[in-house]
Amino acid sequence: MLIGCGYNFCADKNALDPSPMTNDIFTTTTIKSGIFDHWNVTKDVTSPYSPDIPDGWNPYTIMDANFNGDLNAGNLDYLLSQITGFRIKRRRTNDFNWVTLAYIPMDAGKDQVLYNDNFAVNGIEYEYALVPVLGNTEGNYITETIMAKFDGVFLCDQDTVYRFYPGARYGSGERVQKVGVFEPYGRKYPVVVSNAMTNYETGSISATILPSDYMKTGNLDRHTMVEERKSLLDFLTNKKAKILKDWNSNSYLVFFTSNPAISYLDGSGMGIANISASYVELGDPNDQDDLYNAGLTNEVG
């Protein structure tokens, strides 16, 4: 009984009320034997009682149900209304550093977030994270582990993927460094100077252009091959960085610098084309800053 709490003994109107209980382990709530328009549970015990239905959530709300065709009483709708966007992150399972692949703004009415990771490397197990963002503050990471598996050679950016399989091959490449060799008078051996940090690879790739469904149907549709050849040439010459990856777990951040060369298979009536092009390595495909500088993510490190 509420006695000895600043009131005269049994003189206050609440003096004989049962003592309030504190319990933080409630896991279920049941309401029954009635017709209910609204259900609201709050931690706020200081505000005066009001018969008015609470208008949405506040920091003290525990449950709030409108019974509008469902029994939802959680704060998912409230949280989604506060979220400004989502970050899509990825890291190798044996690595500590996350790479932010994209930031997706939260549009009104959007009920799902879709993102295709075109840059994953074959045979590598990744941990992906979907991270809600409120302003500049990140929420809890929602993670999933996925192993990437594919066959062939792929050339891609954030929105486009080309797969090379028939006739796919790499040409000879180089590891470029800048070394000066000077042969001054009076010395038997030259003086070697290397002051630059230059250290990147160059190479080329070629492949036969066939319809995307050729491996399944065996159909060599000439119109389709012409359209795919034109599309690939536009992609190779769009002056943008790309990711080149293959089934051997190679992955390069590249920029194509040469004029793509086209040759035709003898006896195909100029129908089956082979395209080759040269590239230079532009950065590390697992580095946040390099991806951002190359325009392959909208999130800076």
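Reader: How many salt bridges does the count come to?
Author: The count comes to six salt bridges. The term needs a side-chain nitrogen of Lys or Arg within 4 Å of a carboxyl oxygen of Asp or Glu. The model is predicted, so local features need pLDDT of at least 70 and side-chain atom pairs pLDDT 80 or more, while totals for chains, interfaces and linings use all residues. Residues are numbered from 1 along each chain as its sequence is written, and side-chain values use heavy atoms, with hydrogens and water left out.

Reader: What makes Arg-87 and Glu-299 a salt bridge?
Author: Their N to O distance is 2.5 Å, and the limit is 4 Å. The pair therefore qualifies. Arg-87 belongs to strand β3 (residues 85-92) and Glu-299 to the segment after α4 (288-293), so parts 212 residues apart in sequence are tied together. Helices (H or I, at least four residues) and strands (E, at least two) are DSSP runs, numbered from the N terminus.

Reader: Why is Arg-87 called buried?
Author: Arg-87 has a relative accessible area of 15%. Buried means under 20%, exposed over 50%, and partly exposed in between (1.4 Å probe, protein chains only). Arg-87 is therefore buried. Glu-299, at 14%, also counts as buried.

Reader: What are the terms for Glu-201 and Arg-175?
Author: Glu-201 has 25% and is therefore partly exposed, whereas Arg-175 has 52% and is therefore exposed. The two side chains meet in a salt bridge of 3.1 Å, N to O. Glu-201 lies in strand β14 (residues 200-209) and Arg-175 in strand β11 (residues 174-176), so parts 26 residues apart in sequence are tied together.

Reader: Which residues do salt bridges with shared partners join into one network?
Author: The network holds Arg-87, Lys-89, Glu-138 and Glu-299.

Reader: How do you know that Tyr-126 and Tyr-128 are an aromatic pair, and what makes the pair tilted?
Author: Rings of Phe, Tyr and Trp (its six-membered ring) pair if their centres lie within 6.5 Å; planes under 30 degrees apart count as stacked, over 60 as edge-to-face and the rest as tilted. The centres of Tyr-126 and Tyr-128 are 6.0 Å apart and the planes are at 55 degrees, so the pair is tilted. Tyr-126 is buried at 1% relative accessible area, and Tyr-128 is buried at 16%. Tyr-162 and Phe-235 form a tilted pair as well, with 5.1 Å centre to centre and 40 degrees between the planes. Tyr-162 sits in strand β9 and Phe-235 in helix α3, 73 residues apart. The count comes to seven aromatic pairs.

Reader: Why does the charged end of Arg-90 count as sitting over the ring of Tyr-126?
Author: The rule asks for NZ of Lys or CZ of Arg within 6 Å of the ring centre and within 35 degrees of the ring normal. Arg-90 is 4.5 Å from the centre of the Tyr-126 ring and sits over that ring. Lys-245 lies over the face of Phe-154, at 5.9 Å from the ring centre.

Reader: What makes a set of residues a nonpolar core?
Author: The members are buried Ala, Val, Leu, Ile, Met, Phe, Trp, Tyr and Cys residues joined through side-chain atoms within 4.5 Å. The largest nonpolar core has 18 residues, and Leu-155, Phe-164, Leu-232, Leu-236, Leu-244 and Phe-256 touch the most other members. Helix α3 gives the most to this core, with four residues.
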